[in-house]
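Please read the points below with the model open beside them.

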Amino acid sequence: MDRQTYLTELSERYVAAHPRSKKHFERAAHLLPGGGSHNLRLFAPFPFCDVGAAGATVTDLDGRTYVDFWQGHFANILGHNPAPVVDALTRELNAGRGLATGFPGRHQAELGELILDRIGADRIRFTTSGALATMNAILLARAFTGRKIVIKIAGGWHGAHPLALKGVHTYHHGLNQLESTGLPEYADSEVVVTRFNDIAALENTFARHGHQAACLIMEPMVGSGGAIFADAAYLTRARELSCEHGVLLILDEVITAFRFHAGALYSLYGVRPDLCVVGKAIGGGMPVAAVAGKAEIMALAAPGTPHSRAVKFDGGTFSAHPQSMIAGIAFIRHLVEHETEIYAYNGRLGRMAREGIEQRLAAYGIPAQCGGDGGTVAEHSSIVAVHVLTDGSEQVHDPEQVYDPARSDRELCDVILKLGMLNEGFHVVHGYGALSYAHTEEQVARSLDALERIAKRLAG
Ligand SMILES: Cc1ncc(COP(=O)(O)O)c(C=O)c1O
C-alpha cells in the first residue's frame, strides 16, 4: 500500500478515536509551546492525554487503554506506579513527611550508599535531571584536569545543555552539527565528536585532541542513538586511551544503570570510569539523577575547595528532595532483593520482542534490526529499538547508520509504527521501547501480532 495513503488513514483513525484528547491538546497548545514540555512526548497529530497509569498500561481521556512500552522515559523497570514505591511514599506523606524542607535529611545518605555499593563508586551528589548531572560531571572533569575539550560520541544524548548539544541527531554528512540555536560559541569549538564503536576513529581523536581533552563522555549503550551497545573492545580501548592521555572517562548511565542488573552496565563490561552519571530508574519514578565517581574528583564540589578548583555543583532547590530519596530507596532495595527474578524476566521479554519483531517484519520484506541486544555482556536486556536498515547492513553498529536517511528508514519506525501501534492499543517509542516486570508474555505476543498487521498493510 502507498505509504502516504496508509499514514493518512492511520492519522484519521487516531483522530477519530481521541476527541477528548484532541480538545485537551488544542487548549494545551495555546499555553505551552508545541503543547507540552518535552518534544519527545509531542507527536503528530497530537499526543493522547493520559489520565492514569498502572503496571504495564496507561489510560487516556477518551477511555482507551494502551500497553505502554515507553514506561516513563525508560525509568519504570517495575511498570507504572509500583507498589513498593507508592507504599513508601504514602507512608511518609501520611506521617507528615516528604515535601521539600531545604535541609539535608537522613535519606540522601541512605540512597547514596545503596547506589554507591551497587555501582562501585566512592562518592555521589544528587540533582534533579540527567542533563544537570552530565553538565556537572563535565564541569568536574574540566576543573580536575584543567583542560577544556570534551570528547563525545556521535549520536550520544546527554540532555540539553551547552556542552552536550553537538552531534546528537541532526544528520548532515555525519552527526556533527549543533542541535540548537542560542548556544555559546564554545558549544562547538570545545566539543569534539567521534564515531561510536570505531576504534580507529577514537584513536585518531585522541591523537589529535587527547592532550587538551578534559573528558570523554559516552553511554556504554547509546540510548536515543539507537539502543546500541558498545563493543567490549571499544569500551576497553576508550578506558585505555583516556588513561594514557590523562583524560577522565565519564560513563553516562542515565538509561543503563539498574536496567540490566541491579548496578551499572560498566560493571558488566569490567570497565571502571572516573565519573558516572545515573538517573531515571534510581528515583523509582521521581525526578532524581546523580554524579558518582572517584573521591578526589567529586571532592571539588564540596564547600571549602580552593576557589581556583571549586566546581559550583549545586544540585538545585529540589536536589535530594525527600520524596525522590524515599522513592529511590524503596525502588533500589526492591530491585536488589529481587534482582534474579526481575532481570531474568525482563530480559526474556526483551529477547522475545526483539526476535519476534525481526521475524515478523522480515516475513513482509521489511529488513528490521532491533537495537537493545546486549549479547553476552548484558544478556538480560529489556530494551527494544526498531531499525529498518535500507543499505543492506545486517547489524546496527553505530548511531550514524540510524540517523542517515540514506541508510535507515526512520519514518517507518518513528511515525508509522508509532501511530499504527497506538491504533492497535500499544504505546511505542523508537519503534517499540522497553519491557518492565509488569508486562506479560501475552502482551508482548499481542504486540507482535499488531506489528505484523501493520507490516502486512504496508506490504499490501
Ligand atoms: C543517556 C542519557 N543521558 C542524559 C539524559 C538526560 O536526562 P534528563 O532527561 O533527566 O535530563 C538522558 C535522557 O533521556 C539520557 O538518555
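**Notes on the predicted model**

1. The centres of domain 1 and domain 2, taken over C-alpha atoms, are separated by 26 Å. Domain 1 covers 3–81 + 339–459 and domain 2 covers 83–337; these bounds come from an automatic or database domain assignment. Into the contact between them go 32 residues from domain 1 and 33 residues from domain 2, where two residues are in contact if their C-beta atoms, placed from the backbone, lie within 7 Å.

2. On the side of domain 1 that touches domain 2, the elements giving two or more residues are helix 3 (71–74), helix 13 (339–362), strand 14 and helix 14 (399–403). Helix 14 gives the most to that side, with 4 residues. By type, the residues on this side of domain 1 divide into 14 nonpolar, 14 polar and 4 charged. Ala, Val, Leu, Ile, Met, Phe, Trp, Tyr, Cys and Pro count as nonpolar, Asp, Glu, Lys and Arg as charged, and the others, Gly among them, as polar.

3. On conventions: this is a predicted model, in which local features need pLDDT of at least 70 and side-chain atom pairs count only at pLDDT 80 or more, while totals for chains, interfaces and linings use all residues. Residues are numbered from 1 along each chain as its sequence is written.

4. The protein has 16 helices and 16 strands. Helices (H or I, at least four residues) and strands (E, at least two) are DSSP runs, numbered from the N terminus. The radius of gyration is 22 Å, which agrees with the value near 23 Å that a compact globule of 460 residues would have; the radius is taken over C-alpha atoms, and the globule rule is 2.2 Å times the number of residues to the power 0.38. The C-alpha trace spans about 65 × 60 × 45 Å along its principal axes.

5. Buried residues make up 52% of the 460 in the protein. A residue is buried if 20 or more other C-beta atoms lie within 10 Å of its own, exposed if 12 or fewer, and partly exposed in between, with C-beta atoms placed from the backbone. Of the contacts between residues at least 6 apart in sequence, 73% join residues at least 24 apart.

6. Which residues come nearest to the ligand? They are Ser129, Gly130, Ala131, Gly159 and Val254, out of 16 residues around the ligand. A residue is near a molecule if its C-beta atom, placed from the backbone, lies within 6 Å of it. Helix 6 (residues 130–145) gives the most to this shell, with 3 residues. The shell divides into 5 nonpolar, 9 polar and 2 charged residues.

7. An open sheet is formed by 4 strands in the order 1-2-3-15, with mixed pairing; two strands pair if DSSP finds at least two bridges between them. Strand 1 (50–54) and strand 15 (426–427) each have a single partner strand and stand at the edges, so one side of each has no neighbour in the sheet. Strand 1 and strand 2 (residues 57–60) run antiparallel and are joined by 4 bridges. Within strand 2, Thr57 stands opposite Ala54.

8. Strand 13 (residues 368–371) is covered on both faces, with Ala368 and Cys370 buried on one side and Gln369 and Gly371 buried on the other. In a regular strand the side chains alternate between the two faces of the sheet. Strand 13 runs antiparallel to strand 14 (residues 383–388), and 4 bridges join the two. Ala368 stands opposite Val388, and the bridge partner of Gln369 is His387.

9. Strand 14 is mostly covered, with 5 of its 6 residues buried. Strand 14 also pairs with strand 16 (residues 433–434) in the antiparallel sense, over 2 bridges. There, Ile383 has Ala434 as its bridge partner.

10. His73 is found in helix 3 and is partly exposed, with 18 other C-beta atoms within 10 Å. The C-alpha atoms of His73 and Lys280 are separated by 7.6 Å, although the residues are 207 apart along the chain.

11. Leu7 lies in helix 1 (residues 3–17). Is Leu7 buried or partly exposed? Leu7 is partly exposed, with 16 other C-beta atoms within 10 Å. Leaving aside neighbours within four places in sequence, Leu7 is in contact with Val415 and Ile416. Leu7 and Ile416 are 409 residues apart in sequence and 6.5 Å apart in space, C-alpha to C-alpha.
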